[in-house]
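Trainee: Before I set up any calculation on this model, I would like to go through it with you, one question at a time. Could we begin with the overall arrangement and then turn to the details?

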Amino acid sequence: FDDRDGWIWLDGQFVPWREAKVHVLTHGLHYASSVFEGERMYGGEIFELTAHTERFFKSAEILDFKIPYTVAEIDEACKATCAKNGLTDCYLRPIAWRGSEMIGVSAQQTKIHVAIAVWDWPSYFDPEAKKKGIRLTWAKYNRPSPETAPVAAKAAGLYMICTISKHAAEKDGYSDAMMLDYRGYVAEATGANVFFVKDGAIHTPTPDCFLNGITRQTVIRLAKDRGLQVIERHIKPEELSDFTECFIVGTAAEVTPVAEVGQYRFTPGEISLSLMDEYARLVRRELVPA
Ligand code: PMP
């Protein structure tokens with residue numbers, strides 16, 4: 001992914017894509033002192049830009065570092081990076097990390113670097129699989145408790161268990177893995193939150209040990225605006241047999257219907273498909289929220 005044309009915003013300057021490099025002794029690489037965002041621009045506008053930038057700053061603060069810019073400056077830099085690359089519909093990846101000035105667990109004196117890369121990424125899952133509903137298996141790892149890890153940060157270190165779980169799922173022919181939490185409740189997919197449907201009501205896990213995603217909050221709002229009941233609660237894996245529909249949501253995944261989670265089967269139905277459509281219209285400003 002490093003050998004392509006384009007411009008990356010790096011510490012306040014645009015650098016050619018191929019030259020946006022870091023040293024091998026970068027603290028973020030050794031000790032995961034790195035936080036990032038995932039955003040999308042639709043038709044020239046970044047959906048929930050400031051909410052993403054604010055989460056970016058919050059994630060850094062949780063990891064005990066300060067991004068050396070203001071929220072407004074990062075918002076502007078995100079827009080400028082899309083413009084510089086001539087993109088109006090793309091994925092954005094802001095990232096901040098501790099540099100290579102010091103190595104060791106303590107790294108107080110490291111410089112905080114920030115980069116923003118943007119690229120065309122139309123669909124996170126195969127569009128054909130998405131229509132039928134994607135297939136998920138159970139993940140090998142559980143989401144850690146808030147006493148074990150900084151679970152509210154979008155921190156690189158928390159993705160280690162996601163990548164391992166997603167690779168294992170893909171090797172077995174699945175699109176993704178469903179993770180349980182440290183108590184054994186259903187938590188989320190490896191990069192997206194999850195929703196279920198039963199008797200016309202929506203059920204979704206309480207986000208007390210994983211990201212309360214911006215897409216998740218948007219979808220809850222859309223569902224409530226339509227008069228649907230949304231129940232946030234702890235969900236046991238065996239309860240999946242009671243649900244008729246399932247879908248996962250995230251900036252990259254958008255709203256993706258799910259056909260299978262382990263031994264449980266779902267049919268993408270009216271609620272999943274209409275929320276998928278409404279989300280697609282909302283992000284393109286074709287739907288005015290109630
Ligand atoms: N959970 C995880 C682990 C994620 O990586 C993401 C994507 N950032 C989400 C949930 C959904 O978050 P959002 O809707 O803010 O993209």
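Trainee: How far apart do the C-alpha centres of domain 1 and domain 2 lie?

Mentor: This is a predicted model, and the domain assignment of its chain gives domain 1 as residues 7-119 and domain 2 as residues 127-283. Taking the C-alpha centres of these two domains, the distance between them comes to 26 Å.

Trainee: Which element gives the most to the side of domain 1 that touches domain 2?

Mentor: The contact between the domains takes 18 residues from domain 1 and 11 residues from domain 2. On the side of domain 1, the elements that give two or more residues are strand 3 (34-36), strand 4 (39-42) and helix 2 (49-62). By class, the residues on this side divide into nine nonpolar, four polar and five charged. The element that gives the most, with five residues, is helix 2.

Trainee: Turning to the ligand, which helix gives the most to the shell around the ligand?

Mentor: The ligand is surrounded by 14 residues, and the closest are Gly 213, Ile 214, Thr 215, Gly 250 and Thr 251. The residues of this shell divide into four nonpolar, seven polar and three charged. With three residues, the helix that gives the most, covering residues 214-225, is helix 6.

Trainee: What radius of gyration does the chain have, and why does it agree with a compact globule?

Mentor: The secondary structure of the chain comes to seven helices and 16 strands, and along its principal axes the C-alpha trace spans about 55 × 40 × 35 Å. Because a compact globule of 290 residues would have a radius of gyration near 19 Å, the chain agrees with that expectation, its own value being 19 Å.

Trainee: Before I rely on these details, what is the mean pLDDT of the chain?

Mentor: For the complex, the predictor gives an ipTM of 0.99 and a pTM of 0.97. Within the chain, 99% of the residues reach a pLDDT of 70 or more, and the mean pLDDT is 96.

Technical notes
Residues are numbered from 1 along each chain as its sequence is written. This is a predicted model: local features need pLDDT of at least 70, side-chain atom pairs count only at pLDDT 80 or more; totals for chains, interfaces and linings use all residues. Domain bounds come from an automatic or database domain assignment. Two residues are in contact if their C-beta atoms, placed from the backbone, lie within 7 Å. Helices (H or I, at least four residues) and strands (E, at least two) are DSSP runs, numbered from the N terminus. Ala, Val, Leu, Ile, Met, Phe, Trp, Tyr, Cys and Pro count as nonpolar, Asp, Glu, Lys and Arg as charged, and the others, Gly among them, as polar. pLDDT is the predictor's confidence in each residue, from 0 to 100. A residue is near a molecule or strand if its C-beta atom, placed from the backbone, lies within 6 Å of it. The radius of gyration is taken over C-alpha atoms; the globule rule is 2.2 Å times the number of residues to the power 0.38.
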